[in-house]
Amino acid sequence: MRGFRERSSVDEALAAVLDGIAPLPAEAVAVTEAGGRVLSGSVSSTVNVPGFRRSTMDGYAVLAEDTYGASPYNPLPLRVVGTALPGGSTDETIKHGECVRIMTGAPVPESADAVLKAEDTNPGRGSIEVTAAVPVGRNIGRVGEDVVVGDTIFAAGRRLLPQDVGLLAAVGNSPVHVVRRPVVRIIVSGDELLPPGASPVGPSIVDSNSPMLATLVERDGGVPQILRLPDEREAMTEALEPAGADVIITAGAASVGSEDRVPVLVSELGDLTIHGITMRPSAPTGVGTIDGVRVVILPGNPVACLAAYDFFAGPLVRMLGGRSPEWPYRSIERPLAGRLVSQVGRTDYARVVITNDLVEPIAISGSSVLSSVTRASGFVVVPSSSEGYDEGTPVTVHCYAEDGGA
């Protein structure tokens, strides 16, 4: 067992991870499956929305001139000559003194130039009394009011929101061309590991890394594939064969001990660019490439695994899927409740909790204590150029929860 002969900086490791990375090719999906996906190209409308004049009120399609001068004290009569319903057709031609009963969303008869609200009428048998005037064009949605033919409705790279999917459906855009989601092979190894859901017994421990990593990969738009292996060279060698994967992430067997064979195998099967970084936790992180597929070697200790994923694997997964490599966390700035100590030359991932609008450090060390991140509001990154921050210094907290709480 030997220590690392040399370590790379966080910036060097991230540059190695993202070197040459570009979004994956496009694939076509049904509009009903496009939510959360990233557009591979811009989308223009081939139709007007709406494609017809439609009523925006329940009421009566009229000739506006027939309503001029109407009031509760001077009601004007109109004869009802038809009904217009959503999805129906309107062949009636309205003449002066006539109207058509109409529902919201129904097509407006071509001869009508306004829709009178139902509240401004007194209904009768086959007729109405108009009690308020309506100007030309009132309560009629024009053709193309929402979208006009040729409009670019979304640019390439947009991650589709629920309302975006609705608009794509409204203009008839299906299938939707989106960036393919990266397939991320997650390899965890160890003879001591029990599957998630088991109860720890004796010296065995339950695999907490694979469900955590799978959730992170899904958050970042990837498709996780989990392989849980014993500490066997042959099994790991086979698992590192990149066919069928866009990214390979390993957790465990990452350091320099006799059982830490992953970095050795990556160097034998491909190119090990980085092994060992100046970061706490996560020092054993490695970066390599096998047959063109990027391999990110994460530590087995859960907190170190989480930190290394966030710093290195997460940006890779997001970029391949067409997303921004930036942190997916909401960031807020708050003053420190106490001193946060670090060391020049090392990047620290410090778990913190926000209490009464003050940031209280929980831990920097303790990479196996997973509860330190479940209790935390988020984390503060202390760069390698800093010895830490004094009490009262404003720091940026990357929050685990959307509301900034624990």
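A salt bridge is a side-chain nitrogen of Lys or Arg within 4 Å of a carboxyl oxygen of Asp or Glu. With that rule, a search of the whole structure finds 13 salt bridges. This is a predicted model, in which local features need pLDDT of at least 70 and side-chain atom pairs count only at pLDDT 80 or more, while totals for chains, interfaces and linings use all residues. Residues are numbered from 1 along each chain as its sequence is written, and side-chain values use heavy atoms, with hydrogens and water left out.

**View 1. R219, D220, D310 and R318 are linked in a network of salt bridges.**
Side chains of opposite charge can pair when their charged atoms come close. Start with R219 and D220, which form a salt bridge whose closest N and O atoms are 3.1 Å apart. R219 also meets D310 in a salt bridge, at 3.3 Å from N to O. This second pair links distant parts of the chain, since R219 belongs to helix α3 (residues 209-219) and D310 to helix α6 (residues 302-320), 91 residues apart. Helices here are DSSP runs of H or I with at least four residues, strands are DSSP runs of E with at least two, and both are numbered from the N terminus. Which of these residues are buried, and which are partly exposed? Buried means under 20% relative accessible area, exposed means over 50%, and partly exposed lies in between (1.4 Å probe, protein chains only). R219 is partly exposed because its relative accessible area is 27%. D220 counts as buried because its relative accessibility is 1%, and D310 is buried at 2%.

**View 2. R334 and D357 meet in a salt bridge.**
Here the N to O distance is 3.1 Å. R334 lies in strand β22 (residues 330-335) and D357 in the loop between β24 (347-355) and β25 (358-363), so the pair ties together parts that are 23 residues apart in sequence. R334 is partly exposed, with a relative accessible area of 26%, and D357 is partly exposed at 47%.

**View 3. A patch of negative charge gathers on the surface.**
Its members are D191, E192, E232 and E234. Patches are made of residues with over 30% relative accessible area and no salt bridge; like charges are joined within 9 Å, and nonpolar side chains (Val, Leu, Ile, Met, Phe, Trp, Tyr) within 5 Å. Look for E192 in the loop between β13 (183-189) and β14 (193-194). E192 counts as partly exposed because its relative accessibility is 34%.

**View 4. Strand β5 pairs with strand β9 and with strand β6.**
Two strands pair if DSSP finds at least two bridges between them. Which way do the strands run, parallel or antiparallel? Strand β5 (residues 76-84) and strand β9 (residues 127-130) run antiparallel and are joined by 4 bridges. In β9, E129 is the bridge partner of P77. Between β5 and strand β6 (residues 98-102) there are also 4 bridges, and these two strands run parallel. V80 stands opposite C99 in β6.

**View 5. Two prolines follow cis peptide bonds.**
The bond from V49 to P50 is cis, with omega near -5°. P50 has its place in the loop between β2 (43-44) and β3 (54-55). Another cis peptide bond joins S174 and P175, with omega about 5°. You can find P175 in the loop between α2 (162-170) and β12 (176-179).

**View 6. N139 and N356 each have a positive phi.**
For N139, phi is about 65°, although this residue is not a glycine. N139 is found in the loop between β9 and β10 (140-141), and N139 is buried because its relative accessible area is 14%. N356, also not a glycine, has a phi of about 50°. Its place is in the loop between β24 and β25, where N356 counts as exposed at 73% relative accessibility.

**View 7. G197 sits in the loop between β14 and β15 (205-206).**
Is this glycine buried or exposed? G197 counts as exposed because its relative accessibility is 80%. The C-alpha atoms of G197 and D207 are separated by 8.8 Å, and these residues are 10 apart along the chain.

Definitions and conventions: Areas by Shrake-Rupley, 256 points an atom, 1.4 Å probe, with all protein chains shown as cover. Lys, Arg positive; Asp, Glu negative; His and termini not counted. Charge placed at Lys NZ, Arg CZ, Asp CG, Glu CD.
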